[in-house]
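Colleague: Could you take me through the sheet in this protein, strand by strand, and show me what packs on it?

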Amino acid sequence: MTLPSPATEDVRVMLCDDSATTRAILARILDGEPGIRVVHRAGDGRAALDALPVVRPDVVLLDLEMPVMDGMTALPLILKAAPRTAVIVASALTQRGARAAIAALAAGASDYVPKPQGAAGGAADPGFRAELVAKVRGWARMKRQDPASVARRVVPPPPSRAVPAGPRLRPALVAIGSSTGGPQALATLVRRLPRLPVPVVLAQHMPAGFTTMLAEHLDRLGPNRCAEATDGEPLVAGRIHVAPGDRHLLVEATAAGLRARLTTDPPENFCRPAVDPMLRSAARACGGKVLAVILTGMGHDGLEGCRAVAAAGGTVLAQDEASSVVWGMPGAVARAGLPALLAPPEALAERIAALAAERITV
């Protein structure tokens, strides 16, 4: 008998939540997807740990608030017992839930999803379903890869069809966009960056409250200070300015230098904050002296903004497919022929540092 390869095996999912209703909702969504199979349902962290060696899941969907053993207690034990298993935590859309979710990511969880609020709540939203399925599929694929081979892989970009000829301009600003899988990619990137001689703006698709916790988490990882942007603040070298949830972050040129502008303009690509308006404004404000970096994420947010950056003389980098949880956003940019480099976050950090310090040319 020929055994199926890991790439073609069903993704095996364990659900761990004290709510039978939530377990049923998630099981109905995931079991309805081809190539995904819910193999166990546990009501608390202890029950999940006991079942782990028997059911051998690729992904554990883990509630953080449960009796007997909560998710934060169970998380390191699951990771120790099954290091190649991805743990995706479920978090309430509250300030407390955001803090817990980011703490779980710092403790080794792969990602988070918002906790569905009953059968008629968030689980009925097509966006929630798409996000859940994408994260389950993406993290299962990532965990099945050899991490060492992914970390240093640099892929030549496809032939450019959109970037104008001529030298690129040295960046006065780094602008980063990310979505699904972004928090962990950002953490890897930020850890590897030296203190940059230019400001950084960042749009990560996240709800209000979660971006506050994300900024605090990133601030602890490297020499570049990180905080949510405030309206009108100067954009400062060596600082990462994060777009707050439910606000677009724009870049404005003033006589005193670059400043942040926050707006409640309509969502773009179904997102606020969105990457496209940030990049378009950055290209205008900086006269093209922008280094745009597109990380993992669903959809194509960032594509039009990268076109504006490239047309103005800026540079585009993007995460490669092998290291991306979802190669939607960076893939769209790559297919347009815009990136000067496709690479995992570790290699992107090195290129960002070199370009910002003008140690290399593009």
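Predicted model: local features only at pLDDT ≥ 70, side-chain atom pairs only at ≥ 80, totals over all residues.

Modeller: Happy to! Residues are numbered from 1 along each chain as its sequence is written, and side-chain values use heavy atoms, with hydrogens and water left out.

The protein has 12 helices and 14 strands; these are DSSP runs (H or I, at least four residues, for helices; E, at least two, for strands), numbered from the N terminus. Your sheet is open and parallel, with 7 strands in the order S8-S9-S7-S6-S12-S13-S14; two strands pair if DSSP finds at least two bridges between them. Strand S8 (225-228) and strand S14 (341-343) are at the edges with a single partner strand each, so one side of each has no neighbour in the sheet. On average, neighbouring strands are turned by 20° against each other, direction ignored.

Within this sheet, strand S12 (residues 290-294) and strand S13 (residues 315-319) run parallel and are joined by 4 bridges. Ile294, for instance, has Ala318 in S13 as its bridge partner. Helix H10 (residues 303-311) packs on the sheet, touching S12 and S13 (contact means heavy atoms within 4.5 Å). The direction of H10 makes about 150° with that of S12; axes are lines fitted to C-alpha atoms, for helices over the stretch in contact, and angles run from 0 to 180 degrees between N-to-C directions. Helix H8 (residues 210-219) lies across strand S7 (200-204), S8 and strand S9 (239-242), running at about 175° to S8.
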